[in-house]
Amino acid sequence: MTVAEPPRDLPTREDPVETLATATRIGFLGDTHGDLEHVLRVSRTMAARGIDTLVVLGDFGFIWPRENTGNILNKLSKRLADRGQSLFFVDGNHEDFGRLLRFPIGADGLRWIRPNLAHIPRGYRTRLVSGRTLAAMGGANSVDVALRQEGYSWWAEEAIMDADLVALGDDPADILIGHDAPMNLPTLDRRLAETDELWPEAGREYAAAGRAIFHRGFIQVQPKLYLGGHYHLFIDDTVAYGTGETRFVARVVILDKNGSKDTISQAILDVGTLELTFFGRDASAPAAPPTPDTSLNNAG
């Protein structure tokens, strides 16, 4: 697949596009699963608060086996451009990697799908306008892999590989964004234990293996803040990892998925202070999320 010239009514790369490196505030979305209505409603909510840079935390889902993929991407690009917005996404486990990976990575390290739509590859790093560093590690293993068809609803490239961890490197980053979650996350671990019986053992083992390799990357980076999706839950835990000289404390935030005006599936990040403001999809005021677990949990 080549990147065709955009239609005249779409923005071009020459148009001013706020990037991850220039934004003072970034709007984050949990899994969007190709839900155009949801993304456009969140876009409107973010625009009303002056947010021009959006990031989807995996399962973007707009690059998927369907005949009208190009038209949907064009419509999304145009509507975002009308609001002066650009959208970036890390890959999740529900992307058509056969199509996605055919788009080339540009000199800026991003895989541009449209002039204001870009994929953030695994291992990508940038320095934000605040001086904070940001790293990315998309990907996750599908717990429902047995129910999916390879090349149609499942792609082996969803899995994080050792080469991805090499690309990520072991330099610390202030912020890590991705799709999966680190190990030893109390709220998530409790919820997963409640639903284990819903999935075949092989699927649970495959998903756990994916989470374990993501955790290795998380430990490499030692972020102060991690933002992810994947689990269709809202979680806000602060956890201490490691011991002695290797000990670090991370705030781990998981955003919920698309489809509901009430779930906490979006947040605005101040890139200087690392403060987060959570919103309902159509909220004109901040949502009132469940009280986060701010106790310091120790994880090995």
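A residue is called buried when its relative accessible area is under 20%, exposed when that area is over 50%, and partly exposed in between (1.4 Å probe, protein chains only). By this rule W112, at 12% relative accessibility, counts as buried. Before we go on, please note that this is a predicted model, in which local features need pLDDT of at least 70, side-chain atom pairs count only at pLDDT 80 or more, and totals for chains, interfaces and linings use all residues. Residues are numbered from 1 along each chain as its sequence is written, and side-chain values use heavy atoms, with hydrogens and water left out.

Let us stay with W112 and look at its partner. Rings of Phe, Tyr and Trp (its six-membered ring) pair if their centres lie within 6.5 Å; planes under 30 degrees apart count as stacked, over 60 as edge-to-face and the rest as tilted. The whole structure holds 10 aromatic pairs. One of them is edge-to-face and joins F88 to W112, with 5.8 Å from centre to centre and 65 degrees between the planes. Because F88 sits in strand β3 (residues 86-90) and W112 in strand β4 (residues 111-114), the pair ties together parts that are 24 residues apart in sequence. Strands (E, at least two residues) and helices (H or I, at least four) are DSSP runs, numbered from the N terminus. F88 is buried too, with a relative accessible area of 0%.

Another pair, F214 with Y226, is tilted: 5.2 Å centre to centre and 55 degrees between the planes. This pair links distant parts of the chain, as F214 belongs to helix α6 (residues 201-221) and Y226 to strand β9 (residues 225-228), 12 residues apart. Both F214 and Y226 are buried. Ring pairs also link F214, F218, Y226, Y241 and F248 into a cluster.

Now we turn to two residues in loops. D174 is found between α4 (162-168) and β8 (175-178), and is buried at 12% relative accessibility. Its side chain reaches the backbone nitrogen of T133 at 2.9 Å. D174 and R132 are 42 residues apart in sequence, yet 5.9 Å apart in space, C-alpha to C-alpha.

R281 lies in the loop between β13 (276-279) and β14 (293-299) and is buried as well, with a relative accessible area of 8%. Contact means heavy atoms within 4.5 Å. Not counting residues up to four places away in sequence, R281 touches H38, R41, V42, T45, G259, S260, K261 and Q266.

Key:
A polar contact is a pair of N or O atoms within 3.5 Å; within protein, one must be able to donate a hydrogen and the other to accept it, and residues adjacent in sequence count only if both atoms are side-chain atoms.
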